Amino acid sequence: MTKEDRYIALLPQVKALCEGEADMIAKMANVCALLHSEFGFWWTGFYRVMNYELGVMRSAAATGNSELVLGPFQGPLACMHIGYGRGVCGTAWKERRTVVVPDVELFPGHIACSSESRSEIVVPVFEGDEVVAVLDIDSRELATFDDTDRQYLERLVAML
């Protein structure tokens, strides 16, 4: 089965998990578990945009009170807080686009939560026009992620 076939088979499962569920944390947790078990990634998880001034999950890049905070994940321990524009996750948040990194050692400002991570993809999660979270997936292999991953993961997070 190709990578694309695996994503195609996964999308209806994600839709079924998310339909009718209002709690974003619950949806994120199950999506992480599903992706992690299906693909065997090194680390699969979400970072949520938190604005401490408001005390809510909201994008507020213009203020100094927002950061990415670790959410549901599968894999080894992870960084708990990431600043706006920092590392791959903060860059995806700031630029409001998916970032694919074939070799994390070559990404300027990469935050090394684990030295075993070699490649990474980060997909922003939107609520309306606001980025409210990012899906972060790391691999122990170089160049694991490509445009197929980007396309299907963007479709997947749109279901949250």
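1. Basis. The model is predicted, so local features need pLDDT of at least 70 and side-chain atom pairs count only at pLDDT 80 or more, while totals for chains, interfaces and linings use all residues. Residues are numbered from 1 along each chain as its sequence is written, and side-chain values use heavy atoms, with hydrogens and water left out.

2. Strand β3. Helices (H or I, at least four residues) and strands (E, at least two) are DSSP runs, numbered from the N terminus. Strand β3 covers residues 66–74 and is mostly covered, with seven of its nine residues buried. Buried means under 20% relative accessible area, exposed means over 50%, and partly exposed lies in between (1.4 Å probe, protein chains only).

3. Partners of β3. Two strands pair if DSSP finds at least two bridges between them. Strand β1 (residues 43–51) pairs with β3 in the antiparallel sense over seven bridges. Strand β4 (residues 81–82) also pairs with β3 in the antiparallel sense, over two bridges. Val69 can be followed through both pairings: Val69 is the bridge partner of Arg48, and Val69 stands opposite His81 in β4.

4. The β3–β4 turn. β3 and β4 form a hairpin with six residues between them. Gly75, in the turn, has a positive phi of about 125°.

5. Helix α3. This helix (residues 87–95) is largely enclosed by the rest of the structure, because seven of its nine residues are buried. The buried residues are Gly87, Val88, Cys89, Gly90, Thr91, Ala92 and Trp93. They pack against β1, β3, β4, β5 (99–101), β6 and β7. Just after α3, Arg96 takes a positive phi of about 55°.

6. The structure holds seven salt bridges, each being a side-chain nitrogen of Lys or Arg within 4 Å of a carboxyl oxygen of Asp or Glu. One of them joins the side chains of Asp146 and Lys3 at 3.2 Å, N to O. Asp146 lies in the loop between β7 (130–139) and α4 (147–158) and Lys3 in helix α1 (residues 3–18), so the pair ties together parts that are 143 residues apart in sequence. Asp146 is partly exposed, with a relative accessible area of 34%, and Lys3 counts as partly exposed at 25%.

7. Asp147 forms a salt bridge with Arg150, the closest N and O atoms being 2.6 Å apart. These two residues are three apart in helix α4 and are separated by about one helical turn. Relative accessibility is 39% for Asp147 and 24% for Arg150, so Asp147 counts as partly exposed and Arg150 counts as partly exposed. Arg150 also forms a salt bridge with Glu154, where the closest N and O atoms are 2.9 Å apart. Arg150 and Glu154 lie four residues apart in α4, about one turn of the helix. Glu154 is partly exposed at 29% relative accessibility. Salt bridges that share partners join Lys3, Asp146 and Asp149 into one network.

8. Lys27. This residue is found in helix α2 (residues 24–39). Lys27 is buried yet has no salt bridge, and the nearest side chain of opposite charge, Glu21, is 6.9 Å away. For charge, Lys and Arg count as positive and Asp and Glu as negative, with His and the chain ends not counted. The side chain of Lys27 does reach the backbone oxygen of Leu160, at 3.5 Å. Not counting residues up to four places away in sequence, Lys27 touches Cys18, Glu21 and Leu160; contact means heavy atoms within 4.5 Å.

9. Phe126. Its place is in strand β6 (residues 119–127). Phe126 is partly exposed, with a relative accessible area of 38%. The C-alpha atoms of Phe126 and Val157 are separated by 8.2 Å, and the two residues are 31 residues apart along the chain.

Terms used:
Polar contact = N/O pair within 3.5 Å; in protein donor to acceptor, adjacent residues only side chain to side chain.
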